[in-house]
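I opened my notebook to look around a protein model one topic at a time. Come along and check each entry against the picture.

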Amino acid sequence: MEKDDLLVLLSGREFAWPDEGPISVPWDRSNQVYLGYNNVAALTVLAGKRGWEASNINDKLGVYVHEEADMLCLKVEMKVKTTAFHAFLLLTDLQLRPQSCEEVEKADEEETIYHIKCTTVNGSKSRDFVVLLSKRQPCKDGDPYVVALRSVTVATVPPDENCIRSEVKCAGFLVHEIGYSTCKVSYYNQVTSGVLPYVEGNLAGWSKSMEETAMSCVAFLEQDLLITQF
């Protein structure tokens, strides 16, 4: 099935998948402050969009999609029985996740670059991502903890012929405290062609892998064991 055919199923009408071109931006220490700020700002804008449509909801999680012009976005909301700070600490360490993940460079206490290798999908080559993770704690009461991700290019991690180098435009988590030892963890992703293979089956109704992954994330955050593919 082609991407356009899939997105007809998702939305009930034709969705023009954009010619993305390069998404990654070059990273070095001279522009790290600018990239970190924009990484967090992009996630905040994505989270603030209106018109999210529910794909699946239960008492612990909800899956939503947002379609706008040439952009398809995903949101997964999870209710977790732990403090927001504890969830934030666990989500900011990508090396806790089951796929291969290496820290490339720690720019400072808030910005880290990771190289992630994901499992194969539908018999294709495995995919890899080089991402900048920007984390922020709340500035004032009511603000969320932020874990923002976007693809960057670094000379020390060139493309590997054994992997399909894929890109993340805007993704990450917002964590809100909602009560005593309870928080809401919201995952967002502005879907790119590189990310699509990991979500298309669920959004088109072929599988429940996204809900299963989200419930594994909840279990990790509540029991200190991470089994998530986000």
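This is a predicted model: local features need pLDDT of at least 70, side-chain atom pairs count only at pLDDT 80 or more; totals for chains, interfaces and linings use all residues.

**A charge over a ring**

I started with Lys75, whose charged end sits over the ring of Tyr64, 4.9 Å from the ring's centre.

**Aromatic pairs**

Next I looked up how many aromatic pairs the structure holds. I found four of them. One is formed by Phe173 and Tyr187, a tilted pair with 5.1 Å centre to centre and 50 degrees between the planes. Phe173 belongs to strand 10 (residues 171-179) and Tyr187 to strand 11 (residues 182-190), so this pair ties together parts that are 14 residues apart in sequence.

Are these two residues buried or exposed? Phe173 has a relative accessible area of 1%, so I wrote it down as buried. Tyr187 is at 7%, and it counts as buried because the cut-off is under 20%.

I also found a cluster: ring pairs link Phe85, Phe88 and Tyr145.

**Nonpolar cores**

Then I turned to the nonpolar cores. The largest one has 35 residues, and those with the most contacts inside it are Met78, Leu91, Leu94, Val131, Val175, Val185 and Leu221. Leaving aside its neighbours within four places in sequence, Val175 is in contact with Ala84, Ala87, Leu91, Pro144, Tyr145, Cys183, Lys184 and Val185. Another core, of 13 residues, lies apart from the largest one, and among its members are Leu43, Leu46, Cys170 and Leu174.

Strand 7 (residues 126-136) got an entry to itself. I saw that it is mostly covered, with 10 of its 11 residues buried.

Which way do strand 6 and strand 7 pair? They are antiparallel, with seven bridges. Here I noted that Lys117 has Asp128 in strand 7 as its bridge partner.

Strand 7 also joins strand 8 (residues 145-153) through six bridges, and these two run antiparallel. As an example I marked Leu133, which stands opposite Leu149 in strand 8.

With strand 9 (residues 163-165), strand 7 runs parallel, and three bridges join them. Asp128 turned up again here, with Arg165 as its bridge partner in strand 9.

**Thr112 in strand 6**

I went back to strand 6 (residues 111-117) to find Thr112 there. At 4% relative accessibility, Thr112 counts as buried, because buried means under 20%. What is Thr112 in contact with, leaving aside its neighbours within four places in sequence? My list reads Glu103, Glu105, Lys106, Val131, Leu132 and Leu133.

**Cysteines**

My last search was for disulfides. A disulfide is a covalent bond between the sulfur atoms of two cysteines. I searched the whole structure and found zero. Cys163 is in none, and the nearest cysteine sulfur, that of Cys118, is 9.2 Å away. Cys163 is buried, with 12% relative accessibility.

Note on methods
Residues are numbered from 1 along each chain as its sequence is written. Side-chain values use heavy atoms; hydrogens and water are left out. Helices (H or I, at least four residues) and strands (E, at least two) are DSSP runs, numbered from the N terminus. Buried means under 20% relative accessible area, exposed over 50%, partly exposed in between (1.4 Å probe, protein chains only). Contact means heavy atoms within 4.5 Å. Rings of Phe, Tyr and Trp (its six-membered ring) pair if their centres lie within 6.5 Å; planes under 30 degrees apart count as stacked, over 60 as edge-to-face and the rest as tilted. A charge sits over a ring if NZ of Lys or CZ of Arg is within 6 Å of the ring centre and within 35 degrees of the ring normal. A nonpolar core is a set of buried Ala, Val, Leu, Ile, Met, Phe, Trp, Tyr and Cys residues joined through side-chain atoms within 4.5 Å. Two strands pair if DSSP finds at least two bridges between them. A disulfide is a pair of cysteine sulfur atoms within 2.5 Å.
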